[in-house]
Amino acid sequence: MKATIAVLAGDGIGREVVPEAVKLLKAVGERFGHVFEFVSGDVGGQAIDKIGVPLPQETLTLAKQAAAVLLGAVGGPKWEGLEYSLRPERGLLGLREQLGLFANLRPAKLYPMLAEASTLKRDVIEGLDLLVVRELTGGIYFGKPRGIEKIPGGERGINTEVYTTQEIRRIAKIAFDAARKRRRRVTSVDKANVLESSELWRRVVNEVHRDFPDVELSHMYVDNCAMQLVRNPKQFDVLVTTNLFGDILSDEAAMLTGSIGMLPSASLGAHAGLYEPIHGSAPDIAGKNLANPIATIASAALMLSYTFHLEKEAEAVESAILRTLDQGYRTKDIHSPGTRLVGTSEMGDAVLKHFAQG
Ligand code: IPM
Ligand code: MG
């Protein structure tokens with residue numbers, strides 16, 4: 001197989017973790033006889049510094065032409081004062097919008113050897129395996145009207161939560177389809193006791209459910225869900241929810257597994273899939289060889305599976321991650337007494353070594 005992968009490392013630790021995943025993908029290519037061509041582009045703060053905008057046209061073209069996009073992270077304090085439309089985050093949001101990436105899959109699975117790294121008790125999280133399906137191109141992130149306007153005596157900040165039937169239907173389908181490959185249970189998360197957009201969400205999810213009678217559906221308010229995620233997270237299989245609720249709940253779900261540095265994501269839609277760790281640019285630890293590259297390496301594994309349908313290859317990468325952890329390699333975020341503390345590039349090398357041995 002031959003394919004082009006757009007590599008957008010972005011800002012902060014994105015620049016450190018992405019090269020580790022690229023190393024792995026190159027090794028996959030060599031071992032399984034695929035030709036991956038990597039083309040790099042600018043996005044986020046570093047694109048602002050270099051070109052003046054967070055999503056240069058060139059980057060967009062590159063992403064559209066590629067079979068898949070591997071992204072690091074965007075943002076940092078350096079760019080926080082900028083006008084909203086020029087912030088690094090607009091680079092990522094623009095990519096999602098322009099590539100039509102409406103479905104964001106964020107699996108949260110506990111690696112058994114990391115149970116100690118979680119802040120929750122072992123019996124609460126042991127065996128945890130859930131999938132957050134987050135709607136990614138609608139809701140309050142993109143709804144109009146939006147902005148800040150002057151009013152007598154001050155200003156007014158406005159954002160709008162909007163969902164159409166079509167948007168809800170397509171994300172619900174993704175969730176039910178995903179559930180069919182798992183434990184066949186979907187929990188749809190909304191705030192239907194307060195928001196009309198949620199009322200419609202619930203109604204449409206129920207309609208779509210009629211085509212999936214073999215999947216069990218339940219509904220949960222988002223505040224309750226946030227609570228249930230720490231109380232008894234193993235009750236969940238697939239969670240499907242809006243852009244904003246999914247942003248919040250997926251960080252929470254990630255932390256159940258010990259570290260946000262472990263969790264990958266896939267964003268799918270009309271064009272090339274985009275794969276990125278769910279963590280951010282972590283400016284506080286950037287440039288120090290402290291970041292955990294596993295979330296990005298696992299995102300590359302998702303790419304192999306979802307975009308390229310290379311299941312054997314994806315499994316080989318996942319198994320290399322498992323064996324690396326099993327051998328006690330730990331970056332600082334998942335370190336516990338008696339394990340082996342390593343930096344970003346050493347962790348990447350360790351996964352590479354175990355991949356080569358697998
Ligand atoms: C995420 C991030 C982004 C989001 C930011 C960086 C715009 O938090 O991917 O979860 O809010 O979607
Ligand atoms: Mg987030």
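Helices (H or I, at least four residues) and strands (E, at least two) in these legends are DSSP runs, numbered from the N terminus. The views show a predicted model, in which local features need pLDDT of at least 70, side-chain atom pairs count only at pLDDT 80 or more, and totals for chains, interfaces and linings use all residues. Residues are numbered from 1 along each chain as its sequence is written, chains are lettered from A and ligands numbered from 1 in the order in which they are written, and side-chain values use heavy atoms, with hydrogens and water left out.

**View 1. Glu167 in helix H6.**
Helix H6 spans residues 165–180 and includes Glu167. Glu167 is buried (under 20% relative accessible area; exposed is over 50% and partly exposed in between, with a 1.4 Å probe and protein chains only). Beyond its neighbours within four places in sequence, Glu167 is in contact (heavy atoms within 4.5 Å) with Thr137, Gly138 and Val162.

**View 2. The surroundings of ligand 1.**
Around ligand 1 (a heavy atom within 4 Å) sit Glu89, Arg96, Arg106, Arg134, Tyr141 and Asp247. Oxygen atoms of ligand 1 lie 2.9 Å from a polar side-chain atom of Arg106, 2.8 Å from a side-chain N or O atom of Arg134 and 2.5 Å from a polar side-chain atom of Tyr141. On its own, ligand 1 has 320 Å² of accessible area (Shrake-Rupley method, 1.4 Å probe), and the protein covers 77% of this.

**View 3. The salt bridge of Glu276 and Arg96.**
The closest N and O atoms of this pair are 3.2 Å apart. Because Glu276 lies in strand E12 (residues 273–277) and Arg96 in helix H4 (residues 88–98), the bridge ties together parts 180 residues apart in sequence. Glu276 is buried at 4% relative accessibility, and Arg96 is buried at 5%.

Asp237 forms a salt bridge with Arg182, with the closest N and O atoms 2.8 Å apart. Asp237 is buried at 1% relative accessible area, whereas Arg182 is partly exposed at 25%. Asp129, Arg182, Arg183 and Asp237 are linked in a network of salt bridges.

Technical notes. Lys, Arg positive; Asp, Glu negative; His and termini not counted. Salt bridge = Lys/Arg side-chain N within 4 Å of Asp/Glu carboxyl O. Polar contact = N/O pair within 3.5 Å; in protein donor to acceptor, adjacent residues only side chain to side chain.
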